[in-house]
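I opened this notebook to record what I looked up in the structure. The entries follow the order in which I worked.

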Amino acid sequence: MNSREAIFASIRRSLAVHGDEAPRRFEVETRLKEAPPGVVPKRGQGDLPARLATFKAEAERAQASLAEIADWAGAPAEIARFLRENNCPATVRMGADPSLAAMPWSETTLEILHGPSDGRDVNAVSAAFAAIAETGTLALVSGADNPTTLNFLPDNHIVVLPRDAILGDYESVFAKLRGAYGKGGAPRTLNFITGPSRSADIEQTLLLGAHGPRRLHIVIVG
Amino acid sequence: MNEVATSAHFKENAHEALTDARLQGALGFSRNFVGRRAAAVARLPEFDALRDSARAIKDHTLAHLDLYLEAYERKVRESGGEVHYAQDAEEARQIVIDLCRSMGAMSVTKGKSMISEEIGLNHALEAAGIEAVETDLGEYIIQLRGETPSHIIAPAIHLTAKDVEQEFRKAHRDLPPDRSLAEPEQLLSEARQVLRAKFLAADVGITGANFLIAETGTSIIVTNEGNGDLTQILPQAHIVIASIEKVVPTLEDAAQLLRVLARSATGQDASVYTTLSTGPRRPHDPDGPRAYHVVLLDNGRSAMLGGEFEDMLRCIRCGACMNHCPVYQAVGGHAYGWVYPGPMGAVLTPSLIGVAEGGQLPNASTFCGRCEEVCPVRIPLPNMMRHWREREFERRLSPAPLRYGLGFWAFFASRPALYRLGADLAARAMRLAGRGKGRFSWLPFAGGWTRYRDLAAPEGATFQSQWRARSGAVR
């Protein structure tokens, strides 16, 4: 008997089952198929203006900074302003996301680099898959256009978020995920990000910028 | 062999901890957790309903654990990952070492993992010639000191900033000796700089998992620093080590548990980074690990199913029980002598390393019940400690004076008339003997009490006779 078999045998011995019981299998298959939502807090619910207001308040509680702009064309100027006001270098790295690529970067003096980070970048820009009003959380997915290294290595992480991608809760993000990847499917990495990196490991003093970004700036578009 | 335990010497460990002035100063830091948790709970009206939901999810999963593990395993394979099973610590260490060797790995970065502590992985990797670097700030600090964590979510909570400064000056010898490290910010920034180089150079990244999702074959880690993410996305391979009870059915189930986890642990509504990983890098992904392995550890857990300690398998390792425990707050985590401290450790340790080694720990309780009150998955911790005490007593592992004393008391307690007579006589005798001062500074057989404080002398009759007199008067 190999270890896998030994562990399954021990589990089944303890549970007093043999594993082939049809009602148990049916119950498990049903739960996996239906994925019942459980208790979903009211805090994130409401129409888009309500969700936007909750998202902003919660993201600020988590020490993220926010800006709202009317259209995609305004994003490069807002990002340039953010970097200038925080005395950051005028270079940003980003993936091949089409919504970012379509922006008028040449209207700013920013230098644009593409592809994953090797750890030497100070600034990165990502496009969000969705956001969660309940906790002020961004949802970012990995893929050909979105290197995950950009979410963690640079000092300043700027995330562009379409206003109508602000959903109420985690469950709504999962529904959107199933739309994009199929039921039971998932991207290699799904990052839920709530504020900039931090640690309280030294005397329980909260400090920002532990291993990940020191600043998280969210640009809401639309 | 697990990591060496000194749990059998809890009394001596606790005594040492109580007289350690430096430790007593540092322990104050963990009191912040209580207020933060209370504030987070107050902001969420659904918190108690979520606790019920979390408990139900765990109970349902444990009752169908074999089937959810099969489903999980199938999905991991579908996404290009591999699943390995380890019955005990030794086997888990060997699997990790073999994987590292097969990839020619010389250096490993690690996200914070209690399973790694449980199996003593760092020592094994180093013995195999593989450098293992902890990257969670707290874990990094205690690794430099050669210690085990003293808290499951704040491993270095027993240390002050001054201790950390000394450790960094000893370890980071290539940095200028006259640099200032007086502020916690400077310590953090130095750790960030030193560990950044380790992240970028590592061949393999090892993380734990807060949850495994059967629906998608996903592992979840939760961090505030981002160290777990840099650990798993930069090296060529990501190895997840997790115990079998970490699996939950669906994404929705994980969300229920995440909502109670962060609030119970650090008092945050959500941790900064909650990361879901599914398999290795996809064909067009510009970054991410090229190999993804999951090592599933049993180490005694399958035997706990269906038994009186099954509820303990619901534990999601938030640390709320130790943050609210008067015993933990007084002695800190190291006194518990193994990997898991506090009330959850007092229940889990005897299950994992045996009642002979860990049976002392369930005595480290005042039975105040706060641990059960705050537990996000409602584990009846005090009751389970009581079960362990019974077992310890049955197996004659408790000290002889305690066993004879209890036997003596039980003899009278099960004979009410004799008990009343004896108690009445004792109360009278003590009233007479203590009538001068009204208290005793010494009494035979009560030296353990009177060494630290006086015992008040009885002033009237026994409780029972007073009760009888009063209820008679009311009637």
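This is a predicted model: local features need pLDDT of at least 70, side-chain atom pairs count only at pLDDT 80 or more; totals for chains, interfaces and linings use all residues.

**Entry 1: surfaces and overall layout**

I began with the surface of chain B, which exposes about 19200 Å², with carbon and sulfur atoms supplying 56% of it. Accessible areas come from the Shrake-Rupley method with a 1.4 Å probe, and for residues only the protein chains shown count as cover.

Residues are numbered from 1 along each chain as its sequence is written, chains are lettered from A and ligands numbered from 1 in the order in which they are written, and side-chain values use heavy atoms, with hydrogens and water left out.

I then looked up the secondary structure, where helices (H or I, at least four residues) and strands (E, at least two) are DSSP runs numbered from the N terminus. Chain B has 24 helices and 12 strands; chain A has six helices and 12 strands. Along the principal axes, the C-alpha atoms of chain B fill a box of roughly 85 × 60 × 45 Å, and those of chain A a box of roughly 70 × 40 × 40 Å.

**Entry 2: burial, contacts and charges**

I took buried to mean under 20% relative accessible area, exposed over 50%, and partly exposed in between (1.4 Å probe, protein chains only). Of the 475 residues of chain B, 59% are buried; of the 222 residues of chain A, 59% are buried.

A contact means heavy atoms within 4.5 Å. In chain A, 72% of the contacts between residues at least 6 apart in sequence join residues at least 24 apart. For chain B, residues 24 or more positions apart account for 73% of the contacts with a separation of 6 or more.

I also compared charges, counting Lys and Arg as positive and Asp and Glu as negative, without His and the chain ends. Each charge is placed at NZ of Lys, CZ of Arg, CG of Asp or CD of Glu. Chain B has 54 positive and 56 negative side chains, and the centres of the two sets lie 10 Å apart. In chain A, the mean positions of the 24 positive and 26 negative charges are 5 Å apart.

**Entry 3: single residues**

What does Thr149(A) contact beyond its neighbours within four places in sequence? I found Pro116(A), Ser117(A) and Pro154(A), together with Ile233(B), Leu234(B) and Asp287(B). Thr149(A) lies in the loop between strand E6 (137-141) and strand E7 (156-162) of chain A. Thr149(A) counts as buried because its relative accessibility is 2%.

Next I turned to backbone angles. Ala35(A) is not a glycine, yet has a positive phi of about 40 degrees. I located Ala35(A) in the loop between helix H2 (22-34) and helix H3 (48-61) of chain A. Its relative accessibility is 7%, so Ala35(A) counts as buried.

Arg317(B) sits in the loop between helix H14 (301-304) and helix H15 (320-323) of chain B. With 11% relative accessibility, Arg317(B) therefore counts as buried.
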